[in-house]
There are 2 protein chains.
Amino acid sequence: MSMSRCLIARAEVQTFIERCMLSVGTKPSHARSLAEVLVEGDRRGHYSHGLNRMDVYVKDIRTGICAKEGEPVVERETVATGLVEGNNLLGPVVGNFCMNLALRKARDVGIGWVVARGSNHYGIAAYYAMQALKENMIGMSYTNTSPLVVPTRAKECTLGTNPISVAAPAANGDSFVLDMATSAVAFGKVELHDRNGNTIPEGWGCDSQGKLSTDPSKVLRGGGLVPIGGCEITGGYKGFGLGLMVEVFCGMLAGSQYSRYIRTWRVTDRAANLGQCFVAINPENFSPGFNDRMSDLLSIHRDLEPTDPEMPVVAPGDPERIHMEKCHSLGGIPYHLSVVNHMNDFAKSIGVTTLLPVDKVIR
Amino acid sequence: MSMSRCLIARAEVQTFIERCMLSVGTKPSHARSLAEVLVEGDRRGHYSHGLNRMDVYVKDIRTGICAKEGEPVVERETVATGLVEGNNLLGPVVGNFCMNLALRKARDVGIGWVVARGSNHYGIAAYYAMQALKENMIGMSYTNTSPLVVPTRAKECTLGTNPISVAAPAANGDSFVLDMATSAVAFGKVELHDRNGNTIPEGWGCDSQGKLSTDPSKVLRGGGLVPIGGCEITGGYKGFGLGLMVEVFCGMLAGSQYSRYIRTWRVTDRAANLGQCFVAINPENFSPGFNDRMSDLLSIHRDLEPTDPEMPVVAPGDPERIHMEKCHSLGGIPYHLSVVNHMNDFAKSIGVTTLLPVDKVIR
């Protein structure tokens with residue numbers, strides 16, 4: 001019997017990541033924060049931002065590229081804004097600190113806009129934006145990232161996939177959760193097509209001459225992703241503009257690294273010093289009835305007659321919700337066996353107890 | 001001699017729009033505000049949001065669909081947020097009021113986030129965002145608009161072109177000015193192709209069945225624009241998500257009309273009650289050196305080697321700056337003669353002195 005995936009209980013993934021991180025001396029609260037963000041990435045179906053990346057964080061702590069001691073510090077603030085020095089701590093440590101600060105300010109004066117420098121890769125952007133939902137607020141999160149995107153008309157990568165996440169609460173626990181890279185697609189999607197020997201759709205990436213290419217190897221080697229919108233005629237300059245907007249909120253306000261100065265993707269020879277931005281807005285300071293309007297806006301769209309009856313119209317956050325429900329009904333998070341084996345080999349290499357799969361075969 | 005375009009002095013366009021608006025009883029300060037935004041639209045090369053639309057505003061005042069008396073009112077506020085009742089006044093009157101309020105708050109506490117309901121079409125979104133540049137601040141402006149965009153997987157228009165504008169100051173008066181619809185292209189571009197009998201590129205619009213179409217008449221009659229990103233595989237769901245994000249900032253926070261409840265494009269049988277959002281952020285409350293970093297970010301991109309030597313890489317706001325420089329060197333704003341004739345016929349019909357072209361032939 002060939003089993004390509006296996007099921008692991010959420011709590012087991014959480015504690016596995018924690019014990020790996022603790023084994024290299026990570027502060028327990030920091031290990032917990034990181035594990036929570038990675039587990040949430042997997043539970044939402046964004047496996048590229050979950051357990052799959054755990055070894056990178058362990059190595060960053062072990063080599064000292066990322067700091068294991070200390071806490072973020074507020075450098076300057078008003079009742080509504082904050083600038084935070086992340087002290088090169090793990091991204092989720094900086095992110096949680098900033099988002100909590102933004103929420104506190106939003107409770108007081110309706111909005112909190114907090115920017116961090118000295119941060120690191122923080123997992124899925126939506127994790128931080130969604131913290132606001134617990135307090136019935138709008139949350140936003142932005143980060144700059146290593147250059148992978150080629151601007152419209154150019155041939156060189158100068159911008160990261162610079163994600164935008166906005167979460168807004170509807171009635172009865174429902175919500176809108178936008179979480180999108182400002183590139184047309186994720187780098188991982190191009191890699192997957194390359195590994196499988198498939199071509200990619202036109203409008204995902206370009207070659208080293210800046211021409212759109214359907215050959216994933218040209219995009220990965222010398223070329224780059226293109227901004228949302230694809231080429232200039234279909235509006236790629238808008239995606240380019242959005243990528244720059246994220247830099248305005250992050251690198252520009254934070255005084256961190258930005259654009260082409262950010263270290264190369266997967267090269268961790270120096271501290272990342274990323275810039276990140278966290279926002280909370282309290283709808284109670286605006287027009288009454290926010291949650292009901294949000295529910296109506298979501299219903300308007302979910303109830304639209306679809307072009308293809310098999311493909312219903314979904315609101316931002318719905319695909320992730322479907323994946324979470326699947327994990328819930330399965331009683332765990334399904335992982336490709338190759339990821340589990342890789343992580344277990346890694347765990348053994350650092351003397352950590354391996355993952356315990358749920359005793360259940362899944363297809 | 002056939003002259004397709006003619007040149008009109010900026011001040012003449014300004015006073016022409018003012019006298020047309022005054023002739024139907026518009027408050028002088030409101031007429032001035034409207035004229036300023038429309039002239040700026042033309043000067044920046046966005047002719048679809050300038051003089052070209054003046055007759056619509058005159059009719060809105062004349063028929064009483066838009067209010068000519070009163071001022072916007074702050075309904076609730078904190079030191080950092082505001083909710084404004086626009087009292088169905090002209091969009092630029094509401095927009096200026098809100099942006100000034102946001103700037104005042106940003107001077108005090110680093111940020112001002114102001115939302116308006118009861119507003120009307122406000123011209124180019126960038127006009128308001130750019131007010132922040134005068135005070136060396138970041139400005140943002142968002143508005144919902146009449147449904148013209150078909151969500152990913154759907155066949156019906158439920159969202160407007162819902163623009164996003166973000167302006168940020170660089171050193172020496174330079175700036176970043178993003179001003180983009182969240183649709184792949186503007187409605188006017190599809191109309192232009194239709195009038196000229198040309199097909200449109202794939203990824204601009206869809207037919208009544210929600211399928212991408214290169215036939216502009218299908219897009220205009222029964223179909224609609226598609227979100228930035230085009231179809232689902234090239235990331236159209238991201239543009240759809242951004243259109244909804246604009247609704248969160250506008251209709252949801254404001255309690256105005258939203259989504260499919262907004263009156264149909266070009267039908268002005270009832271008050272628009274648009275929702276709009278205006279933000280100012282003071283970089284002085286964040287990391288020192290903002291302007292220099294912005295200049296560097298702009299230079300990095302403007303100096304990139306282009307794919308086509310004839311098409312340099314441009315930053316958001318650069319094409320508009322080039323158009324303004326052209327107007328400056330010409331000594332006026334170039335208009336198609338058909339627009340000038342149409343507006344002059346309209347002026348005569350309401351007993352107003354016509355436009356005075358600059359005595360200079362242009363090609």
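## Close-up views of the predicted model

**Figure 1. Thr307(A) lies in the loop between α9 (290-302) and α10 (318-330) of chain A.** The model is predicted: local features need pLDDT of at least 70, side-chain atom pairs count only at pLDDT 80 or more, and totals for chains, interfaces and linings use all residues. Residues are numbered from 1 along each chain as its sequence is written, chains are lettered from A and ligands numbered from 1 in the order in which they are written, and side-chain values use heavy atoms, with hydrogens and water left out. Helices (H or I, at least four residues) and strands (E, at least two) are DSSP runs, numbered from the N terminus. Thr307(A) is partly exposed, with a relative accessible area of 23%. Here buried means under 20% relative accessible area, exposed over 50%, and partly exposed in between (1.4 Å probe, protein chains only). Leu7(A) is 300 residues from Thr307(A) along the chain. Their C-alpha atoms are separated by 34 Å.

Figure 2. Arg153(A) sits in the loop between β5 (138-143) and β6 (164-169) of chain A. Arg153(A) has 22% relative accessibility and counts as partly exposed. Ser259(A) belongs to the loop between α8 (236-254) and β11 (274-281) of chain A. Ser259(A) is buried, at 0% relative accessibility.

**Figure 3. Three strands of chain A form an open antiparallel sheet, in the order β9-β8-β10.** Two strands pair if DSSP finds at least two bridges between them. The edges are β9 (212-213) and β10 (224-225) of chain A. Each has a single partner strand, so one side of each is left without a neighbour in the sheet. Strand β8 (residues 205-206) of chain A runs antiparallel to β9(A), joined by two bridges. Gly205(A) has Ser213(A) in β9(A) as its bridge partner.

**Figure 4. Seven strands of chain B make an open sheet of mixed pairing, ordered β2-β3-β4-β11-β5-β6-β7.** At the edges stand β2 (73-77) and β7 (175-180) of chain B. Each has a single partner strand, so one side of each lacks a neighbour in the sheet. Neighbouring strands of this sheet are turned by 15° against each other on average, direction ignored. Axes are lines fitted to C-alpha atoms (for helices over the stretch in contact), with angles from 0 to 180 degrees between N-to-C directions.

**Figure 5. In chain B, β3 has an antiparallel link to β2 and a parallel one to β4.** Four bridges join β2(B) to β3(B). One bridge pair is Glu77(B) with Gly82(B) in β3(B). A hairpin of three residues connects these two strands. Strand β3 (residues 81-85) of chain B pairs with strand β4 (residues 111-119) of chain B over five bridges. Val84(B) stands opposite Ala116(B) in β4(B).

**Figure 6. Strand β6 (residues 164-169) of chain B is mostly covered.** Six of its six residues are buried. One side of β6(B) carries Ile164(B), Val166(B) and Ala168(B), the other Ser165(B), Ala167(B) and Pro169(B). Strand β5 (residues 138-143) of chain B pairs with β6(B) in the antiparallel sense over four bridges. Gly139(B) has Ala167(B) as its bridge partner in β6(B). Towards β7(B), six bridges join β6(B), also antiparallel. Ser165(B) faces Asp179(B) in β7(B). The hairpin of β6(B) and β7(B) has five residues between the strands. In this hairpin, Asn172(B) takes a positive phi near 55°.

**Figure 7. The largest nonpolar core has 113 residues.** Such a core is a set of buried Ala, Val, Leu, Ile, Met, Phe, Trp, Tyr and Cys residues joined through side-chain atoms within 4.5 Å. The residues with the most contacts inside it are Trp113(A), Phe176(A), Phe249(A), Trp113(B) and Phe176(B).

**Figure 8. The whole structure holds one cavity of 30 Å³ or more.** On a 1 Å grid over the protein atoms alone, a cavity is a set of points where a 1.4 Å probe fits but cannot get out; lining residues have an atom within 4 Å of a point. Points are joined across faces, edges and corners, and a volume is the space filled by probe spheres set on them. The largest cavity contains about 30 Å³ of space. Its lining is Val149(A), Leu159(A), Gly160(A), Thr182(A), Pro227(A), Gly239(A), Phe240(A) and Gly243(A). Four of the lining residues are nonpolar, four polar and none charged. Ala, Val, Leu, Ile, Met, Phe, Trp, Tyr, Cys and Pro count as nonpolar, Asp, Glu, Lys and Arg as charged, and the others, Gly among them, as polar.

Definitions and conventions. 1 Å grid on protein atoms, 1.4 Å probe; cavity = no way out; pocket = protein on both sides within 12 Å on 5 of 7 lines; lining within 4 Å.
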